Amino acid sequence: MTLRARPGWAKSGAMSHHVLVLAGQTLHACADGSLFWPDQGLLCVSDLHLGKSERIARRGGGLFPPYETQETLARLDRAISENDPSCVICLGDSFDDLDAASGLAEDARLHLSRLQAGRDWIWIEGNHDPGPIDLGGTHLSELAIGGLAFRHIATPAVPEISGHYHPKARVSGMVSARPCFLADKTRLILPAFGAYTGGLRVTDPVLATMMQADAIAVLTGQRALPVPMAALGTGRR
Amino acid sequence: MTALPPIIADWFKTRGWALHPHQQDMLDRSAAPATLLIAPTGGGKTLAGFLPSLVELVGGGHAGLHTLYVSPLKALAADIKRNLTTPVQEMGLPIRIEDRTGDTSYTAKRRQRADPPHILLTTPESLALLTSYEDAPRIFAGLQRVIVDEIHALADSKRGDQLMLALSRLDQLAPGLRRVGLSATVDDPQAIAATLARHPDPCPVLQADPGPDPQIEMLVTETRPPWSGGGAQYAIGEVLEQVRAHRTTLIFHNTRAQAEIFFHRLWLENEDDLPIGIHHGSLSRDQRERVEAAMVAGELRAIVCTGSLDLGIDWGDVDLVIQVGAPKNVKRLVQRIGRANHRYNAPSKALLVPANRFEVVECVAALEAARDHDLDGDPRGPGPLDVLCQHILIRACAGPFDADQLFAEVRTVGAYAGLSRAAFDDCLSFCATGGYAFRAYDKWQRLKQTDGLWHLRDPRAAQRIRMNIGTIQDADLLKVRMRRGNRVLGEVEEGFAASLTPGDRFLIGGEVVRYEGLKELTVEVSRTPGREPKVAVFSGTKFATSTQLSSRILRLLNQGSWPNLPGHTAEWLMLQGEVSQIPSADRLLIETFPHEGREHLCLYGFAGQNAHRTLGLILTQRMEAAGLSPLGFVVTDYALLIWGLEPVDDPAALLDPTDMRAGLDQWLQGNAVMKRSFRGVATIAGLIEKNIPGPKKTGRQATFSSDILYDTLAKYDPEHLLMRITRDEALHGLVDFGRIEDMLARIAGIDHRRLSRVSPLAAPLFLEPGKVPIVGEGRERLMAAETERLMAEAGLSAL
């Protein structure tokens, strides 16, 4: 092989996250879809939807193999080992339903307890998984840290960080839409971290009306790429 | 010489007919266990096949099924029934003839099982279904002969494999069963004979007189063919003139979409209102039947059609065949030409219409090959295992079976003669449990062994297995229906329907319709007369140009001067020689040049579009690894064009065969082509059920779960039986890696030409549809630049 390798533009890691300032706090919107808060040593992920395939199989629906739980946990594992947070917040819909939580396979349970060891772990409840979960960690309906509220579904009470909508967006040149963060000065909506989760286009009125005019979307993938939300709302389907 | 019984001989005599020599031959050899007859269309092939049955049934002593006739087309079975019933009635023979296909009513089917006719006309799928019934031994008990019509069309497909497996079963139920194959002209009759016969029985081949050579020419037009595209609309006027000058013309197209567009344009210019019809597989059955009836009645002057008319239905007095677009394959061209002039001793007449400039070269090469009787064909590999899996499931539906016995039975099928016990056991174990990765799923635990015999774990599974019998992989089609009046016009591919927005216009059945919306699984449309349609892209069955034809094209390109090509095409090639060079058979020409701010690489592989697509995917991946930021590529049958952000300085390094082979397996895994092949394999093998009792699953749902199944197996069970089948198959089919290796073996070296701009041969590629985008560093760079631009525009760059 005599192919010339060009300067490693991709591997620099310079764009592995985008820095957001929310109500005066500096946060990292990471390319993998997780949110890291360096000052607090806090990692937040939303909408893991663990056990989705089991739930769909239970309801007699389409055929999902049971491996997406492993996939999601492996990605979460990587995010945790990169940032070594002292606290992890799962921002709701961590399980597809409560049966999925209690029916989690043994190896997945072990994997979770390994991730939980030595750090605070907080389950925020979501619309798919209300009620207590028998899997270690603390269970809360919502939580406030450093003036920021963490809850599953966005409310008018800002500043807050939420999930639930699985926002997705694309810019021209992209082949398909990617999960993204949505952020304005007081509100942050996280992308879904789980594998095989669908999404809502950021051009959807539900999301468009919730965010301020100067909001940005941070696309996830190989890099975290910020783009003005208004530039995505030009009627592209 | 076997004489005809008086009643049949008299009937011939009153008509003034005499037997053709090959018909007499078939009669003389009627006791042989297997016979293959090769005869041109119109040669009385079908009668030659049935004559021995009629002779044996004349006395009326036979009870139950005597002869089974299998054809690849339902319509053909119905047509043969008509053509056979008439003489049988005229002779007053005590013979009951019935057909049984997907279109036969439920009650008729039930009655046929209880009281089979003497002669049953059917398709491979309906036959497979019949063998799945518990009463199959009773139905087939007295069977004497099986006639496989148009066996050349079945022999190189999984439908043929399924049929031969079914025949191996019939051998057990009706010992002494004799087989007859009827075939059009083919390149390798021995191969077909080996497919037909019970292994290792001999199978003599009878050749009927092929008749005079056809007259084939290229249509000369005033307008030059365009640089790209497949429609040949420039030739509409001249084609109409030909229709006017002949009694009946068949106008063949390579794809349904092209047939639709051509038909539409033909009508716009059809000032004399010549009766012209259209016929293709996406039209509703009603509409096809109307066209067929009009054709038989001699009411049509021309039919615009696709492969749906490739096979033997008798269309009466066709005196001209026009092939629009390069034929891609000489054998198919010759068979299509054979559709003209059913009168035995008159030559067929055919015209080729190239759709673009490069196809001029291909058409000339093809007609020279046809004149030289140089037919193409690729040897077929061993019998596919997904079809065997389905066969095992079908066998299980019929009742408990012994694995050793079934194995021995399967090995009597030519294509499976070399099947190893290990491979058979793999298939059996897959049918029983679904394989390691799916062991936890109840729905795939289908077979169980009790007292040494295998049987269905749950007898109710038989219904689902029967609903999914067959190996035809149709694209997922949605019905198209008029919103007013509910008339069904035909079908379009789901992917095409998904690309429509209300108000879009497209062509179907020669009508321009307006897309109104999707209602459940039906595309609703309304009429919009006289408006320009959006290009109809549904159902583009694309064949790659065959190896033999490709090498002829290369020879033609290298003849130095081109007196046999039209001036415009010869000049184009001359210019290519001056600016760059003409591709040759023993060197690989690669041009690189900048164009509109992107770097381009054009590789003239002449390996067919499937191989070029694979090469495109492999090369762009290697370019990606080398930091060359490729953005996309496009292929034709003769070349591959890649564009990106950085120039390729050393193409030879990209093409190192050892490195390519090494990277292939890993590359294959994530590939969309593999997923498509997997979907077909998994459906045939019974992992995915396309038809389930209850509401229909849409194709997209099926794709979705088959893609996920594929990803799962790729990750956790890459050696799963179905993954192995998919890999083998893709390497020869859609991936066509074999042709890439052939190409690399063929060339003695690479000629790299660095040009300052696009070359004449490369230019048409820029107009080709079907560009494949590459998701990688190049696109990331463009995307990052785009998001930065948008941020700066919004004044947010400081954030």
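Strands here are DSSP runs of E covering at least two residues, numbered from the N terminus, and the model shown in these close-up views is predicted.

**View 1. A:Leu225 in strand β16 of chain A.** Strand β16 spans residues 225–228 and includes A:Leu225, a residue that counts as buried because its relative accessibility is 0%, where the cut-off is under 20%. The C-alpha atom of A:Leu225 is separated by 7.9 Å from that of A:Ala31, although the two residues are 194 residues apart along the chain.

View 2. Over all chains, the whole structure holds 16 aromatic pairs. Because B:Phe358 belongs to helix α15 (residues 357–371) and B:Trp572 to helix α22 (residues 567–579), both of chain B, the pair ties together parts that are 214 residues apart in sequence. B:Phe358 is buried at a relative accessible area of 6%, and B:Trp572 is likewise buried, at 5%.

**View 3. The tilted pair of B:Phe593 and B:Phe766.** The ring centres of B:Phe593 and B:Phe766 lie 6.4 Å apart, with 45° between the planes. B:Phe593 is buried, with a relative accessible area of 0%, whereas B:Phe766 counts as partly exposed at 23%.

**View 4. An aromatic cluster in chain B and charges over rings.** One aromatic cluster is formed by B:Trp227, B:Phe358, B:Trp572, B:Phe606 and B:Tyr638. B:Arg357 lies over the face of B:Trp227, 4.1 Å from the ring centre. In chain A, the charged end of A:Arg75 sits over the ring of A:Phe193, at 4.4 Å from its centre.

How values were computed: Residues are numbered from 1 along each chain as its sequence is written. Chains are lettered from A and ligands numbered from 1 in the order in which they are written. This is a predicted model: local features need pLDDT of at least 70, side-chain atom pairs count only at pLDDT 80 or more; totals for chains, interfaces and linings use all residues. Side-chain values use heavy atoms; hydrogens and water are left out. Helices (H or I, at least four residues) and strands (E, at least two) are DSSP runs, numbered from the N terminus. Buried means under 20% relative accessible area, exposed over 50%, partly exposed in between (1.4 Å probe, protein chains only). Rings of Phe, Tyr and Trp (its six-membered ring) pair if their centres lie within 6.5 Å; planes under 30 degrees apart count as stacked, over 60 as edge-to-face and the rest as tilted. A charge sits over a ring if NZ of Lys or CZ of Arg is within 6 Å of the ring centre and within 35 degrees of the ring normal.
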